[in-house]
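Please walk through the charged side chains of this protein, and then one of its hairpins.

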Amino acid sequence: MITLIVPFYNESLHLLRCISSIKSQSFQDYEVILIDDLSTDDSYQLAQDLTEEDPHFRLLCNKHKGLYQARNYALAEARGEYICFLDADDELLPDYLSGLNEDGNHATADLVVQGFTHVVNGGQDRVSVKHSGPFSKPDDAQSLFSSFDIVDMGNVFGKLYRRKIVEEYHLQFSPHVLLSEDMFFVVSYLIHCQTIYLSEKTNYLYIAH
């Protein structure tokens, strides 16, 4: 099973499209943790109305406030073998989860890295990995980060993480990292994973609002 973590704060304008894109997934062995970061609009009620009849969804409230806290809370609640992330103002194409699952089965990957589709003013630009297929992880950090495009692929979304590794090494989002917090988590995970699969799929819609 895949756990999809979706934190949100005052996203009432985008939640309908975001949640609808999740419900349209062709892959059905998943759970969704929607976690409200103390929204001041009607986002929580909207999320509740959209998901209360769907057993795939769990709606939680982050009482401590802050994106890193919300994500860490959801990580602790995750039940799936794998974990992935979705920002509440983005959307997924219907084969996103099935593609991650398919890629994760290659060499039983600890980490799947996909590209994404950047949507700006209605136009779309595909951001793909430079080389697809199994990735042999170098032993030293310098070789790893010179061969893995961490700048373009440092976002926490568009990836599949093994929950066992997250728990074993107590990986979390840090309150001390104010910029590039996604990259900090990805780099921390990269250090501990062994098998990596790079995929040319771009089924995540990263939307500029």
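In this predicted model, Glu53 counts as exposed, because its relative accessibility is 72% and the cut-off for exposed is over 50%. Glu53 sits in the loop between helix 2 (43–51) and strand 3 (57–61). Together with Asp42, Asp49 and Glu52, Glu53 forms a negative surface patch.

Other charged residues are paired. Side chains of opposite charge can pair when their charged atoms come close. The count here comes to 10 salt bridges. One of them joins the side chains of Arg17 and Glu91, at 2.8 Å from N to O. This pair links distant parts of the chain, since Arg17 is in helix 1 (residues 15–23) and Glu91 is in strand 5 (residues 91–92), 74 residues apart. Arg17 is exposed, at 54% relative accessible area, whereas Glu91 counts as buried, at 13%.

Asp110 and Arg162 also meet in a salt bridge, at 3.0 Å from N to O. Asp110 lies in the loop between helix 4 (96–104) and strand 6 (111–114), and Arg162 lies in strand 10 (residues 159–162), so this pair ties together parts that are 52 residues apart in sequence. Both Asp110 and Arg162 are buried.

Within helix 6 (residues 163–168), Arg163 and Glu167 are four residues apart, about one turn of the helix. Their side chains form a salt bridge of 2.7 Å, N to O. Elsewhere, a network of salt bridges links Glu31, Arg58 and Glu77.

Now the hairpin. Strand 7 (residues 116–120) pairs with strand 8 (residues 123–127) in the antiparallel sense, over five bridges. Val119 has Gln124 in strand 8 as its bridge partner. Two residues lie between the strands, and Asn121 in this hairpin takes a positive phi near 50°.

Definitions and conventions: Residues numbered from 1 in each chain as written. Predicted model: local features only at pLDDT ≥ 70, side-chain atom pairs only at ≥ 80, totals over all residues. Heavy atoms only, no water. Pairing = 2+ DSSP bridges. Patch = residues over 30% accessible without salt bridge, like charges linked within 9 Å, V, L, I, M, F, W, Y side chains within 5 Å. Areas by Shrake-Rupley, 256 points an atom, 1.4 Å probe, with all protein chains shown as cover. Salt bridge = Lys/Arg side-chain N within 4 Å of Asp/Glu carboxyl O. Lys, Arg positive; Asp, Glu negative; His and termini not counted. Charge placed at Lys NZ, Arg CZ, Asp CG, Glu CD. Buried < 20%, exposed > 50% of the residue type's maximum accessible area, 1.4 Å probe, protein only.
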